[in-house]
Amino acid sequence: MIIQKIITQIRTPLLVYTWINNYQSIYHDIRKIKTIVYIILSLLVIISCFSVASISLMTISKKIQDIAILRSMGASKSTIQLIFLCYGLRSIFIGMLIGLLLGITVILNSKKIMLFLEKNFPENILLNNIYYNHFLLLEINLLDIIIIFSSIIIIGISTNWYPAYYASKINPSKILKKY
């Protein structure tokens, strides 16, 4: 819109190029790298969710008598599943919030962090001749945050479903006979 207004006022042919037009290959490389980083971070989240699931399974094995008592008192299988699903998701939400706060803090203070590293490490740890850190643009993108949060929630629910299902399948009569 603005460009069209300028063209009508100038009345001469005008060619406008953006940096995306001039450096299209670099733009596509940046998009590919962003996708690769998302895949790698998703794999890290999956690994950490499985560790949360193993912690949930260990908790279930320690609380097996309590689960049997709850079941014998009338707690349904779905109630037991919900309890342990919430237990696992609590850990995932705490980690997700800590990651969000750390990420936003690093992005908002990236210039200060780079200046601190350049000032305190004379070995030139940031390699100015390779990475132009004064040109590095870090921004918070709401769509990326939504995609990351929804992915973490989906992965967290799917990995914590098995421990919750396992806890709901405990037979209270067999467990209470042992004690």
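Helices (DSSP runs of H or I, at least four residues) and strands (E, at least two) are numbered from the N terminus. By this assignment the chain holds 8 helices and 0 strands, and along the sequence the pattern reads α-α-α-α-α-α-α-α. The model is a predicted one, in which local features need pLDDT of at least 70 and side-chain atom pairs count only at pLDDT 80 or more, while totals for chains, interfaces and linings use all residues. Residues are numbered from 1 along each chain as its sequence is written, and side-chain values use heavy atoms, with hydrogens and water left out.

Some values describe the chain as a whole. Of its 179 residues, 20% count as buried; buried means under 20% relative accessible area, exposed over 50%, and partly exposed in between (1.4 Å probe, protein chains only). The chain exposes about 14000 Å², of which carbon and sulfur atoms supply 70%; such areas come from the Shrake-Rupley method with a 1.4 Å probe, and for residues only the protein chains shown count as cover. Contact means heavy atoms within 4.5 Å. Among contacts in the chain with a separation of 6 or more, 80% join residues 24 or more positions apart.

The helix packing comes next. Two packed helices are described by the angle between their axes and the distance between the axes. The axes are lines fitted to C-alpha atoms, for helices over the stretch in contact, and the angles run from 0 to 180 degrees between N-to-C directions. Helix α3 (residues 24-62) and helix α5 (residues 77-108) have axes that come within 10 Å and cross at roughly 140°. That angle makes α3 oblique to α5, because angles under 35 degrees count as roughly parallel, over 145 as roughly antiparallel, 65 to 115 as roughly perpendicular and the rest as oblique. The crossing of α3 and α5 is right-handed, a crossing being right-handed if the near helix is turned clockwise from the far one by less than a right angle, and left-handed if anticlockwise. On the α3 side the contact includes Cys49, Val52 and Ile55, and on the α5 side Phe84, Tyr87 and Gly88 are among the residues. By class, the residues of this contact divide into 7 nonpolar, 4 polar and no charged; Ala, Val, Leu, Ile, Met, Phe, Trp, Tyr, Cys and Pro count as nonpolar, Asp, Glu, Lys and Arg as charged, and the others, Gly among them, as polar.

Helix α5 also packs with helix α4 (residues 64-72), at an angle of about 145° and with the axes 10 Å apart. This crossing, too, is right-handed. Ile67, Leu70 and Arg71 in α4 meet Lys77, Ile80 and Phe84 in α5, which gives the contact 4 nonpolar, no polar and 2 charged residues.

A further partner of α5 is helix α7 (residues 142-168), packed at an angle of about 145° with the axes 8 Å apart. The crossing of α5 and α7 is right-handed. Residues of α5 including Ile80, Leu85 and Met96 meet residues of α7 including Phe149, Gly156 and Trp161. The contact has 17 nonpolar, 5 polar and 1 charged residues.

Leucine 85, found in helix α5, is buried, with a relative accessible area of 11%. Neighbours within four places in sequence aside, leucine 85 is in contact with Ile157, Asn160, Trp161 and Ala164. Its C-alpha atom lies 9.8 Å from that of alanine 167, 82 residues apart in sequence. Lysine 178 lies in helix α8 (residues 172-178) and is exposed, with a relative accessible area of 67%. The C-alpha atoms of lysine 178 and glutamine 65 are separated by 9.5 Å, although these residues are 113 apart along the chain.
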